[in-house]
Amino acid sequence: MDKSPGKEHIAFTKWAISKGIEVNGVAPARFPGRRLGMIATKTIEVTKEGEIMLTVPQTAMLSIDSIPSSFVELFPSGTSIHGILAAYLTHGDPKTLKELDAWRNVWPSWQELEASTPILWPAHLRRSNSSFEEEDESRPSLLPPSISGLWNSFEKVPVGVDYDTRYQNMLAQEEKRLRHAWERVVTVFPETEWKTFTYYWLIINSRSFYYVSPGKEAPEDWNDAIAMVPYADYFNHEDNAACEVRYDSIDYTFRTTRRYEKGEEVYMSYGPHSNDFLFIEYGFFLDKNESDSIYLDDIIFQDLTISDKKELVHQDCFGNFELTPTGVSPSIETAACLKYMSKRDFRIYIEGRSKRAFDAEKSAEIIRGWIEVYLKETETTIKTITAMLGKLSTGDSEKWERERLGMLLSRWGQIRELCEMAMEAVGRVSELHCFEANGK
């Protein structure tokens with residue numbers, strides 16, 4: 001099958017090299033059923049230091065330092081770097097921006113973003129707890145709870161405590177960042193078209209790399225430590241990619257840590273991210289992801305008293321109750337103890353003074369009950385999505401609807417499997433605790 005990416009990508013490669021980007025043994029290619037990626041154009045051997053496949057100098061990047069300071073200074077204090085970069089691509093000097101045409105010609109189109117990026121989906125598919133959405137409780141929530149912040153099988157209870165939920169309520173957080181950037185930009189450019197600005201904001205959001213201006217501290221908002229790194233954005237994500245990525249304030253370098261045969265796809269890792277994070281940020285998720293996770297916060301909070309929640313705050317174990325294929329986080333195990341221990345025994349146990357009150361079987365039973373609530377949500381939502389798919393025609397007019405619902409169904413299937421694997425892991429841990437206790 002022809003893996004040639006097309007003329008525009010060949011033109012972009014020439015542009016990249018003219019900007020000082022060094023390419024060694026890799027090139028963009030098309031892969032069946034997926035977007036573009038990076039392919040090995042020769043056998044890449046592994047040297048002691050690691051073979052450098054790609055070097056991108058700072059001078060070729062699009063960053064807050066590469067756009068005119070006169071443009072940056074137009075914006076009020078508090079405007080995000082992300083927003084300023086999107087505004088520059090929207091309103092920068094046309095002559096200067098034309099120099100980026102070879103690069104911009106290979107970016108995904110609006111239609112491609114719209115197909116896979118939940119923030120652009122129609123309202124009935126992207127229902128969430130975002131304050132920018134008109135709430136319609138008659139519609140089911142189809143996105144996973146880590147993204148939507150909503151559930152179909154039970155009513156959430158007020159938490160009563162503010163805490164960092166970076167990897168929960170993700171759609172609402174993304175919409176808040178986009179809206180905040182938009183509001184600042186229109187104070188300077190009132191004629192800004194929402195669709196154009198949103199397009200560039202999402203391009204930056206999905207194709208940027210970590211970047212902090214030389215000599216400066218990292219911004220308070222980690223989302224603003226960004227720059228666009230041309231050519232490197234061809235690399236697709238793999239959780240444990242054999243690619244070492246370094247940035248030294250001068251160059252970005254990409255080294256292989258294993259041998260690649262000619263014709264193999266070469267990956268890099270975007271970080272140890274869950275599939276829900278990859279879904280909302282990049283519009284895709286992995287078939288197999290060792291870093292996948294979901295959260296039981298809303299389920300656990302509805303099962304705890306106000307006194308229990310205060311105790312968790314006091315013990316610095318409040319929230320972000322993470323569940324992975326290998327089991328549950330220590331904070332979930334801690335919360336389970338509150339269900340059967342007195343406050344006195346709980347504190348003695350947490351402080352490590354005595355394990356007398358700990359009962360592995362009771363803890364496991366409580367945790368499995370919480371996971372079963374998530375499994376019920378999974379089955380409820382899978383049935384809803386399956387019914388929606390059954391009502392669609394096979395014609396082209398509903399192609400995008402089918403594909404989006406297909407993505408959702410696939411993701412919920414993964415969540416079901418994740419819950420089942422975690423349930424088994426909890427059982428094994430309980431058996432081990434009981435064996436150790438009996439052995440004593």
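Rings of Phe, Tyr and Trp (for Trp, its six-membered ring) pair if their centres lie within 6.5 Å; planes under 30 degrees apart count as stacked, those over 60 as edge-to-face, and the rest as tilted. By this rule, the count comes to 34 aromatic pairs.

This is a predicted model, in which local features need pLDDT of at least 70 and side-chain atom pairs count only at pLDDT 80 or more, while totals for chains, interfaces and linings use all residues. Residues are numbered from 1 along each chain as its sequence is written, and side-chain values use heavy atoms, with hydrogens and water left out.

Two of the pairs are set out below.

| Pair | Geometry | Centre to centre | Angle between planes |
|---|---|---|---|
| Phe 71 and Phe 189 | stacked | 5.9 Å | 25° |
| Trp 182 and Trp 194 | edge-to-face | 5.1 Å | 90° |

Phe 71 belongs to helix α2 (residues 69-72), whereas Phe 189 lies in the loop between α8 (170-188) and α9 (194-207), so that the pair links parts of the chain 118 residues apart. Helices here are DSSP runs (H or I, at least four residues), numbered from the N terminus. Both Phe 71 and Phe 189 are buried, that is, under 20% relative accessible area (1.4 Å probe, protein chains only; exposed is over 50%, partly exposed in between).

Trp 182 in helix α8 and Trp 194 in helix α9 are 12 residues apart in sequence, so their pair ties these parts together. Trp 182 counts as buried because its relative accessibility is 18%; Trp 194, at 31%, counts as partly exposed.

Ring pairs also link Phe 12, Trp 15, Trp 103, Trp 107, Tyr 199, Tyr 200, Tyr 231 and Tyr 234 into a cluster.

Methods: Helices (H or I, at least four residues) and strands (E, at least two) are DSSP runs, numbered from the N terminus.
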